[in-house]
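Please look over the sequence and the structure shown here before reading on. The briefing after it moves from a pair of packed elements to the wider fold, and then to a few single residues.

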Amino acid sequence: MIVVFGFVKKIVSSSLEKPKLLLAIVLVLLPIIFRIAAGFFVGVNFDANYNGFLAFTNIALWLVSGIGLYAIIYIFKGSGVKGKLTGILTATSYLSFFFTLFLLLAVIVILLLVPGFYAGVKNAQGLDPETAMQAFIESLPQPQNGLLFAAGMGILLLAGIAFLFFTLYLYYSIIALSSTEKPKRNIFALVFFMVFLLLLGLFI
């Protein structure tokens, strides 16, 4: 755990010292690229317009959340954060990278435990929602080993929880390292930012 915390701090420090916006944009788009690649691999065609919409949404949310975090740090901790917006955007973009790793893990686990899952998705394409859901459910084979299936789902649950804590610590590290002023306000800034993200999610 200490190694992970140190790794996160290193990512944030490097991002704040040497922002790389081009890399950040690539990382933000990485989940979409992975989605397209995974769809091609399993034979599922995803709508190009929808992928474009997802790409636009990812970029927009990344920018809005990054600017929001910058503003909250400025409000709670003062002017020490000035000039670090691009660094903050670079640091937050790494969340997309690690989310992509989580997606990769999910694809692997599902392929191993429910081999017909993606075939079911393919069969349901082009159908109306109700028929598609029925066709998808009917095409799924029953897991051969219930214990193994439960273990796989447990792994995904633990990975999801780990990603959540990773996200919180990355945001906390950005708040703490982007401005060393008023360190006692770090946790309050984090809570306020989480509320901001929640409200932002309600309007999506």
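Predicted model: local features only at pLDDT ≥ 70, side-chain atom pairs only at ≥ 80, totals over all residues.

By class, the residues in the contact of α3 with α4 are 9 nonpolar, 3 polar and no charged. The protein as a whole has 8 helices and 0 strands, so the order of elements from the N terminus on reads α-α-α-α-α-α-α-α.

**How α3 and α4 pack**

- Two packed helices are described by the angle between their axes and by the distance between those axes.
- Helix α3, which covers residues 48-77, and helix α4, which covers residues 85-113, pack at an angle of about 125°, and their axes are 9 Å apart.

**How α1 and α4 pack**

- Helices α1 and α4 pack at an angle of about 140°, with their axes 7 Å apart.
- That angle makes α1 oblique to α4, and the crossing of these two helices is right-handed.
- Helix α1 contributes Phe7, Ile11, Val12, Ser15 and Leu16 to the contact, while α4 contributes Gly87, Ile88, Thr90, Ala91, Tyr94 and Phe98.
- Sorted by class, the residues in the contact of α1 with α4 are 8 nonpolar, 3 polar and no charged.

**The nonpolar cores**

- The largest nonpolar core has 23 residues, and those with the most contacts inside it are Leu69, Ile73, Ile88, Leu170, Tyr171 and Ile174.
- At least two residues of this core are supplied by each of α1 (2-17), α3, α4, α7 (146-178) and α8 (186-202), and the largest share, 6 residues, comes from α7.
- Not counting residues up to four places away in sequence, Ile88 touches Leu16, Gly66, Leu69, Tyr70, Ile73, Val81 and Ile174.
- A second, separate core of 5 residues includes Val109, Leu113, Val114 and Leu156.

**The chain as a whole**

- Of the 204 residues of the protein, 35% count as buried.
- Among the contacts in the protein with a separation of 6 or more, 75% are between residues 24 or more positions apart.
- Phe5 and Ser173 are 168 residues apart in sequence, and the distance between them in space is 9.2 Å, C-alpha to C-alpha.

- Phe5 is found in helix α1, and because its relative accessibility is 35%, Phe5 counts as partly exposed.
- Is Thr100 buried or exposed? Thr100, which lies in helix α4, counts as buried because its relative accessibility is 8%, and the cut-off for buried is under 20%.
- Leaving aside neighbours within four places in sequence, Thr100 is in contact with Leu30, Pro31 and Phe34.
- Most residues other than glycine have a negative phi. Lys182, however, has a positive phi of about 50° although it is not a glycine.
- Lys182 is placed in the loop between α7 and α8, and because its relative accessibility is 41%, Lys182 counts as partly exposed.

Terms used
Residues numbered from 1 in each chain as written. Heavy atoms only, no water. Axes fitted to C-alpha atoms, helices over the stretch in contact; angles between N-to-C directions. Helix = DSSP H or I, 4+ residues; strand = E, 2+ residues; numbered from the N terminus. Nonpolar A, V, L, I, M, F, W, Y, C, P; charged D, E, K, R; others polar. Buried < 20%, exposed > 50% of the residue type's maximum accessible area, 1.4 Å probe, protein only. Contact = heavy atoms within 4.5 Å. Core = buried A, V, L, I, M, F, W, Y, C linked by side-chain atoms within 4.5 Å. Parallel < 35°, antiparallel > 145°, perpendicular 65-115°, else oblique. Left-handed = near helix turned anticlockwise from the far one by under 90°.
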